[in-house]
Amino acid sequence: MAKRIWTRRDFIAAASAAGGFALGRASLEWGGSDETVRLQFEQRLPGLVRKVSLPPEVGEAFLTRNPGLDDMEPLSRLLQQRLQLSGWWIQWTGLPEDQELLDSLAEAVRRDFERPQGICNLHGWYLSQTECHLAAARVVAIREGLMEDVAGPALGYAQGDLYPVDAWGPQSTPRGEAFNAQPDGSSAFWFHISGAAPSLKIYLGRLEMNTTVRDELVTASLPAEEVSSILRRSGRYKVVAADPERELQQTIGEFLVLDEAPQPSSEDASSQGLEVDSLRDTRLKTVLDWGPKSTPQGRPFNPQPSGASAFWIDVRPDRTESTIKVYLGNRPLRTTVSAKVITASIPAAEAESLLRDPGRYPLYLVSRARAARQKVGDFVVEAPETR
């Protein structure tokens, strides 16, 4: 869980780890204003906020409370005023180097904590006004494409090759849609890693996941609350393996939260007309459990943040048939296959159509490569009780 009380000491330590802030410089004493200087500062601001490690929730919460500041122009103006970057001297000499600006920002943070009106309280986060403006500028810069944000943990471990990773997933999800959903509401990744030590930890961005090591299969999950914070906006998050005993870390890849659902591949498009009834029956996976198995007429089942309804299918881990798709009758569902669980979702509009009438709908695993199907069970839309 992320820490909810963010103190000046935390901020300075995080920024220093990123090569940034050092306290102790005297503040600058320029007066007046200069739009040319502000424009130059606005251009430099994305490079500055890239070096500041603040939780993205801070910037999002600040912008929700202050929608009029959701732009680089007013944010750069506020920060320029805090750094007192104006007057004839700065017009003549130009902006200081980045490190001098970072030093002055740290001094502004210190000054904020010395006055009550300098504190920014956002749903349990306690920061300085300067920090809140910086966090908001970071969010806006990412949204406007002025900087890339590939969030990763600040572990301080040396990079190294810990273990060979044969495969892992899922590697993306649409914004707002939980990925590889588990029965307890968490979302999970799977990794085929040979020889992993029990001490192995997996991180998604800056969040440490609940990691389980079993032979060549490693799973890592995040609770629903932390997943929802990741899925609020599109972005890129480093997936990092770390071994605290060896003090090494290894970047496995990047997990993408996409702005929109990916366009269907040619195979997905052609599967729209697939007649599942015509396929032969065979065992594609060992199904241990699945759900939900029923829902009242008109009520979405296992609803996701995006509005979609979803199934989960627990399977025995193996390395076969990773290209399986889930069908509800002849309707293909958006499918994610991992080592231990298969998830499949149906968009809200299609679910609404499905749920209008009571009935029984067969749920299948389908392999186009083998022209085969495996029936998982019947999903029941229950008629309302009559008295």
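Apart from its neighbours within four places in sequence, Arg-82 is in contact with Ala-108, Arg-111, Asp-112, Arg-115, Gln-129, Thr-130 and His-133, where contact means heavy atoms within 4.5 Å. The structure is a predicted model, in which local features need pLDDT of at least 70 and side-chain atom pairs count only at pLDDT 80 or more, while totals for chains, interfaces and linings use all residues. Residues are numbered from 1 along each chain as its sequence is written, and side-chain values use heavy atoms, with hydrogens and water left out.

Arg-82 lies in helix H4 (residues 72-83); helices (H or I, at least four residues) and strands (E, at least two) are DSSP runs, numbered from the N terminus. Between Arg-82 and Leu-105 there are 23 residues of separation in sequence and 8.0 Å in space, C-alpha to C-alpha.

Leu-105 also takes part in the contact between H6 and H7, together with Ala-108, Val-109 and Asp-112 of H6 and Gln-129, Thr-130, Glu-131 and Leu-134 of H7. The axes of H6 (residues 98-112) and H7 (residues 129-143) come within 7 Å and cross at roughly 130 degrees. Axes are lines fitted to C-alpha atoms, for helices over the stretch in contact, and angles run from 0 to 180 degrees between N-to-C directions. The two helices H6 and H7 are therefore oblique to each other, since angles under 35 degrees count as roughly parallel, over 145 as roughly antiparallel, 65 to 115 as roughly perpendicular and the rest as oblique.

Four strands form an open antiparallel sheet in the order S15-S17-S21-S20; two strands pair if DSSP finds at least two bridges between them. Strands S15 (287-291) and S20 (334-337) are the edge strands, each pairing on one side only. The twist from one strand to the next averages 15 degrees. Four bridges join S20 and S21 (residues 341-346) in the antiparallel sense, and Thr-336 stands opposite Thr-343 in S21.

On a 1 Å grid over the protein atoms alone, a cavity is a set of points where a 1.4 Å probe fits but cannot get out, and lining residues have an atom within 4 Å of a point. S21 gives the most to this lining, with three residues. The largest cavity has a volume of about 100 Å³, a volume being the space filled by probe spheres set on the points.

Conventions. 1 Å grid on protein atoms, 1.4 Å probe; cavity = no way out; pocket = protein on both sides within 12 Å on 5 of 7 lines; lining within 4 Å.
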